[in-house]
Structure formats: structure tokens, C-alpha cells
Amino acid sequence: KNFNEAIDYFKDDEDYFSKDPLLLLAIIRIYNRLIDLDNVRYYLDILDKKKYHTPFNIRLLIFINCSIKKWSQEKFLEYGKILNDILPKYPNDKLIPIIKNKSKKIKIGFFSSDIRKSHSVTFFLKTVLSKYDKKKFQIYLYLNHKKINDDETTSLFKEMVDESHYTANLDNISVVNFIRKHSLDIFIDLMGVTSGSRLEIVKNRVSPVQISWCGYCNTTGVNEMDYLLADKNLIYENELNLYKEKIIFLPQIWNTHAGYANKREFNETPVLKKSYITFGSFNNFTKINDNVIKTWSEILRNIRNSKLILKSSSPRVNDILMKKFQKENILDRIEIKQHIKKFEDHINLYKEIDLALDTFPYNGVTTSFEAIWMGVPVLTMRGYNFNSRCGESINKNLGLINLIAKDEKDYILKAKKLAEDQESLKEIRKKIYNEAIISPLFDSKKFNNDFYNLLESLKVSENG
């Protein structure tokens, strides 16, 4: 209610208010909370043209353009450099020196604001924290949320590591000094430019080696971020210069999912029992851009007996999205599932879906792993950078190259062919059920070994 009142007040004299960068920043924050991304981009572009650059609005500008195809990888690097230049560099007399680790164990620190509420990052982080060689490694977990917001997820992860510490109540200089006291060998940032990001501490270096992994799939642009973990399906050799960090390729896949507690069972494709085919996407609505809406609408128009299930927890976002589908005259084929709080209910929704539709260029990650865990194939599209090739890497590691479309036209064609060939859908589901759990997608043991072997080699090379 208050947000709407503020927007109305701003709109009454927009020309006047738009002259003040701080008021523009305020309205951007409101629209961002409402997930009205078109308006967020509009006002961010005004600030950009005014050269009013702050760490907050540049981080948001970069992140929000992950879902826009017109933003080339060159753009991500360009604005990453802008971010690097405006991040504060603190005076040496305010910082304690980085203390060299003298113990035999390799000290590794992970930093995140998201170790709670079963956040998607936790399912990948669990793969490397649940079982590691405690004789060889000492793990620190830096929780960038207030202790009062702890939950079962936080408690679980605190039990996995050697030490856990809270940083949300500390200013940046205090955080830098606090982490430096631990004499880390390697610091791993799990956030990049996402919400809660504190790249200021990376800029002022807390460890001899600093790595970006898991939470944000692109370059941060920060000079002091030494490495970015990826795989060869995500970044090609001729593109290495488009990422500020040095790219380190994991042998098979950049992320492996820890899996879920629910028992895996084979689920027949629902179309065999119904008179229509059901597409679905449980991706965050911020990834569903106008091009995605047009492409999905074209699929629904091409397949008369079809519907699309989406999932949301925000009525305001539903209204924005449904208006866009209404313009495509396809609203009657869209079903939005709302207020699903129990994870069991969420994961069981996949039993209603014949084919999951990936978003582009900002692919789903956790949602694709979820769908595959439940035996549902995911149709994705070829990309042009890290965050737009996540779907490619997932399907290539599963041996489902036929589910990677070349472009929008091919995406529509592949969806139509699969909808009309129920036997193929049935066989793909069998393949996923039989092979996914032993594939790189869920082979936690193999990924854990690859991950720590890589970190150990980095420690050796830095010392060398």
C-alpha cells in the first residue's frame, strides 16, 4: 500500500523528481521490491546516463540485465569494470596485514548471505561441505545475515564446518580485518552481484586467493577476484578475455546438486493420462522476459491441446506477467500456482509437467536440477556467455543434446515435436530416471574430489 502511494506521488511530478539521483534510486528500490523489472531498468538507465554510479545501482544494473539478450558479454565486462572502479579501496592504516597461514591444513572461507530458508545455493554448497577431508582442510563459513534470522538450514551448515561467523552487523572494514585474522589460503564468494553482495571486502582482499563460484554465473569485474569457476560448456577458450577473472574449468560441470531427501520414483509423462500436454517453468519470474513470453505463447498457439504451469509467491508480479500473456491472447492456457510453502508440495508439482521450459538468456539452474531429479526433461536454448549456457551444460552432462535449441525458432519446433511424439517423451523420461543420479549433475562424491583437488592445486601454485 505504501509503495503504491510513493509511486503515485513520484508519478505526479516525475520530471521534477527525476532530477534528483537519490530520489531515482529510491523509486528504483521500490520497483525492485515489487519486481517490476521494466521500470527498474528504465530508471537505472536514467541514472547510468547521468553517470550517477554507486555500488548498489551498478550491481543491480548488471544483475537485472542477465535476463536481457541485448546485453552482450562485452557489456558485462564493461560494467564490471565500472563497478570495480567505484568500489571503495580502504587506507592501509585502517586494515591489518594478511597473515600467512602457518598450519598444515589449507584454510578455506565461504561467504554468503543465503545460508537459510533452503536457498538454492545451499543445495550446491552442501555437496562440498558435507564431506571434506578434515585432516587436510579447515573450513570457515561467513554468514552475512543476522543471527536472529537463523533457521534449520543455517544450523545444518554450521554443523558441517569447522567455524562459522556472522558478518552482517559489521561494517566493511571490520569484516575485512575480521576475516584477515583467520589467515585464509582461499576465500570463496558465493554471491557476486546478487542481493546481499559485499564485493567491497573482495576489493580490499581478505585472502591471497579469491574465487567467485556458485551464486552468480558471470564476471564480477573486480580486479581482486582472482578466479571464476566454470566448465568448458559455459565459457569457450576464445572468450576468456571477456571475463576479468582467470577462468578455472572443473572437469565436467561447474556445480553438482546434493539431491533431495524425497525418494526418487519413476513418473510417467502426464500426457499419457490426459488429453493435453503440460509445459512448466518454476523459474523466478525475473527471468521471464518479453522474448520468453512471446516464444512460450507461440508454442501454446502451435499446440492446441496444451497449457503452461508457472509458480509464483507474489500477486503483484502475477499481475504484471499475466498482462503480458494477455497481450499474446494466450492467457487461458496459463496456470499460476501460488502460496506453495512446503517444499514437498513444490517438488511434487513436477509430476504434473510433461516438459519443462527453460528461460533464456538467463537460464534456470536449481529449477532444472529439480525437474531432472523428478524425471522431467528440460528444453533449453544455446547461449552466448556463462549465465546463458547453464542449461546447455546441464543437458550436455546428461547426454541430452537434442534438448538444446539453436534459437527461438528451433526452441518452438523442438517443443512441438516432443509434444506430438509421446513415445519420445516417454523414452527421455526413462533415460533421465536411470542416468541422472549417476551423472555429473548429482555425483556429489566425484564433484567433491574434483573441487578440493582444484583448490589444493591452487594453493600449491600460489606457494610455488
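These exercises work through strands, salt bridges and a charged patch in a predicted model.

Local features need pLDDT of at least 70 and side-chain atom pairs count only at pLDDT 80 or more, while totals for chains, interfaces and linings use all residues. Residues are numbered from 1 along each chain as its sequence is written, and side-chain values use heavy atoms, with hydrogens and water left out.

**Exercise 1. Trace the pairing around strand β4.**

Task: Which strands pair with β4, and in which sense?

Solution. 
- Start with the terms. Helices (H or I, at least four residues) and strands (E, at least two) are DSSP runs, numbered from the N terminus. Two strands pair if DSSP finds at least two bridges between them.
- Strands of a sheet pair through backbone hydrogen bonds, either parallel or antiparallel.
- Take β1 (residues 106-112). Strand β1 pairs with β4 in the parallel sense, over 4 bridges.
- Phe 110 has Ile 188 of β4 as its bridge partner.
- Now take β5 (residues 209-212). Strands β4 and β5 run parallel and are joined by 4 bridges.
- Ile 188 has Ile 211 as its bridge partner in β5. Phe 187 stands opposite Gln 210 in β5.
- Strands β5 and β6 run parallel, with 2 bridges between them. Leu 228 in β6 is the bridge partner of Ser 212.

**Exercise 2. Assign the faces of β4 and β5.**

Task: Are the side chains of β4 and β5 buried or exposed?

Solution. 
- Set the cut-offs. Buried means under 20% relative accessible area, exposed over 50%, partly exposed in between (1.4 Å probe, protein chains only).
- In β4 (residues 186-189), Ile 186 and Ile 188 point one way. Phe 187 and Asp 189 point the other way. All are buried.
- In β5, Val 209 and Ile 211 lie on one side, Gln 210 and Ser 212 on the other. All are buried, and both faces of β5 are covered.
- Check a residue of β6 (residues 227-230). Ala 230 lies in this strand. Ala 230 counts as buried because its relative accessibility is 0%.
- Ala 230 and Leu 83 are 147 residues apart in sequence and 22 Å apart in space, C-alpha to C-alpha.

**Exercise 3. Examine the salt bridges.**

Task: How many salt bridges does the rule count?

Solution. 
- State the rule. A salt bridge is a side-chain nitrogen of Lys or Arg within 4 Å of a carboxyl oxygen of Asp or Glu.
- The count is 24 salt bridges.
- Side chains of opposite charge can pair when their charged atoms come close.
- Begin within a helix. Lys 416 and Glu 420 meet at 2.6 Å, N to O. The two residues are separated by about one helical turn because they are 4 residues apart in helix α16 (residues 408-420). Lys 416 is partly exposed, at 25% relative accessible area. Glu 420 is exposed, at 56%.
- Next, Glu 352 and Lys 337. Their closest N and O atoms are 3.6 Å apart. This pair links distant parts of the chain, 15 residues apart. Glu 352 sits in the loop between α13 (343-348) and β11 (355-357), and Lys 337 in strand β10 (residues 334-338). Glu 352 is partly exposed at 26% relative accessibility, whereas Lys 337 is buried at 18%.
- Finish with a network. Asp 38, Arg 41, Asp 290 and Lys 324 are linked by salt bridges.

**Exercise 4. Locate the negative patch.**

Task: Which residues form the negative surface patch, and which helix gives the most to it?

Solution. 
- Patch residues have over 30% relative accessible area and no salt bridge, and like charges are joined within 9 Å.
- The patch is formed by Glu 5, Asp 8, Asp 12, Asp 13 and Asp 15.
- Helix α1 (residues 2-12) gives the most, with 3 residues.
- Asp 12 lies in this helix. Asp 12 counts as exposed because its relative accessibility is 67%.

Technical notes. Patch = residues over 30% accessible without salt bridge, like charges linked within 9 Å, V, L, I, M, F, W, Y side chains within 5 Å. Areas by Shrake-Rupley, 256 points an atom, 1.4 Å probe, with all protein chains shown as cover. Lys, Arg positive; Asp, Glu negative; His and termini not counted. Charge placed at Lys NZ, Arg CZ, Asp CG, Glu CD.
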